[in-house]
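Thanks for coming. I will go through one model this morning, starting with a loop and ending with the charged side chains.

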Amino acid sequence: MTKALSIIIPVQNEKSTIADVIRECFKLDPRAEVVVVANGCSDGSDQIARKNGARVIAIDESLGHDTGRSVGARHATGDIFLFIDGDMVVRAEQLKPFVERVQLGADIVLNRYDGPVHRQHIHDVVLAKHVLNAALHRPDLRGWSLCTVPHAMSRRAAMLIGLDKLAVPPLAHAAAVYGGLRVISAPTVPVGKLNPSRSRRANGDPTGRLMLGDHLEALAWL
C-alpha cells in the first residue's frame with residue numbers, strides 16, 4: 001500500500017528558489033503534503049509557497065532551519081517525512097530513492113554525502129559527523145547525517161526519536177542509531193554543489209559553531 005508523503009521545507013527569504021523546490025515536490029508525488037515552515041520571511045517566500053500549493057506555517061521570528069523541521073514534523077500528517085531545504089532545488093528523481101527506501105522498510109534514509117573530506121584542513125563539522133558515527137559504532141555511516149538534506153524517515157521513527165530532538169539534528173541522529181532504528185543511505189545528492197555558498201563557509205562561522213555545539217550535545221547525551 002502506498003504511504004502518504006509529507007515533504008517538510010524550512011524557508012527563510014528564499015523567493016528565488018522556493019517555487020521550483022515545490023514544483024519538484026509535486027513531480028515526485030502529486031498527492032504529497034508540502035509543509036513550508038516560513039521562518040521570519042520578509043520577501044514574500046511564504047506567499048509564493050501558498051500560491052504553489054504548499055501548506056504554510058508562518059512564524060514571525062527566525063527559528064532556524066533545524067527548529068523549522070521540528071515544527072513542520074509536528075504539523076505533518078503523512079506516514080513518511082521527507083526533509084529538504086528551500087534554498088536549493090533537488091530534482092524529483094534525486095528525491096525518489098529516499099522515499100522508496102522508507103517504503104521498503106528503512107526507518108531513516110540519509111544523503112550519502114560526506115562533505116569536502118579531501119582537503120588539508122577539514123571543516124570541524126565534517127570531522128564531528130565522522131566522530132559521532134564512530135562513537136555510535138556505525139563507522140559505515142561515515143559523515144552521513146541528519147544534519148544534511150535530503151533525508152527521509154517514517155512517522156514511526158520520528159515519534160520514537162522524539163519530535164523535539166529533530167530541532168538538534170546530531171542529537172536526533174544519535175537517538176535513532178542508539179535506539180536501533182534501521183538507518184541507511186540513498187545515492188548522493190551533491191548539496192555542496194547545489195548550494196556552494198554553504199560549502200565555502202569557513203571554520204568559526206556562526207552556523208559552524210552552532211552545528212559543532214549540537215554534535216557535542218549529541219556526544220554528551222550518548
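Start with Pro150, which sits in the loop between H5 and strand S6 (151-154). Helix and strand labels are DSSP runs numbered from the N terminus, with helices being H or I of at least four residues and strands E of at least two. The peptide bond leading from Val149 into Pro150 is cis, and its omega is near -10°.

Before going on, the provenance. This is a predicted model, so local features need pLDDT of at least 70 and side-chain atom pairs count only at pLDDT 80 or more, while totals for chains, interfaces and linings use all residues. Residues are numbered from 1 along each chain as its sequence is written, and side-chain values use heavy atoms, with hydrogens and water left out.

Back to the backbone. Most residues other than glycine have a negative phi, and most peptide bonds are trans. His137 is not a glycine, yet has a positive phi of about 60°. This residue is also in the loop between H5 and S6, and it is exposed, at a relative accessible area of 69%. For these labels, buried is under 20% relative accessible area, exposed is over 50%, and partly exposed is in between, with a 1.4 Å probe and protein chains only. Asn13 is another non-glycine with a positive phi, about 55°. Asn13 belongs to the loop between strand S1 (5-11) and helix H1 (18-28) and is partly exposed at 33%.

Next, helix H7. How many of the 10 residues of helix H7 are buried? Nine are, so the helix, residues 169-178, is largely enclosed by the rest of the structure. The buried ones are Pro169, Pro170, Leu171, Ala172, His173, Ala174, Ala175, Ala176 and Val177. They pack against several elements, among them helix H3 (65-75), strand S5 (108-111) and helix H10 (206-221); contact here means heavy atoms within 4.5 Å. After the helix comes Gly180, with a positive phi near 80°.

Rings of Phe, Tyr and Trp (its six-membered ring) pair if their centres lie within 6.5 Å; planes under 30 degrees apart are stacked, over 60 edge-to-face, and the rest tilted. Phe81 and Phe83 have ring centres 6.3 Å apart and planes at 90°, so they are edge-to-face. Phe81 is buried at 0%, and Phe83 is buried at 1%. Tyr178 and Trp221 are edge-to-face as well, with centres 5.7 Å apart and planes at 80°. With Tyr178 in helix H7 and Trp221 in helix H10, that pair ties together parts that are 43 residues apart in sequence. Trp221 is partly exposed, at 38%.

On cysteines, there are zero disulfides, a disulfide being a pair of cysteine sulfur atoms within 2.5 Å. Cys25 is in none, and the nearest cysteine sulfur, in Cys41, is 16 Å away. Cys25 is buried, at 0%.

Last, the charges. There are 11 salt bridges, counted where a side-chain nitrogen of Lys or Arg is within 4 Å of a carboxyl oxygen of Asp or Glu. Lys27 pairs with Glu24, closest N and O atoms 3.1 Å apart. The two are three residues apart in helix H1, about one helical turn. Lys27 is exposed at 58%, whereas Glu24 is buried at 11%. Arg31 and Asp29 form another bridge, 3.7 Å from N to O; Arg31 is exposed at 66% and Asp29 is buried at 11%. Arg138 and Asp140 meet at 2.9 Å, with Asp140 partly exposed at 42%. Finally, Asp66, Arg69 and Asp85 are linked in a network of salt bridges.
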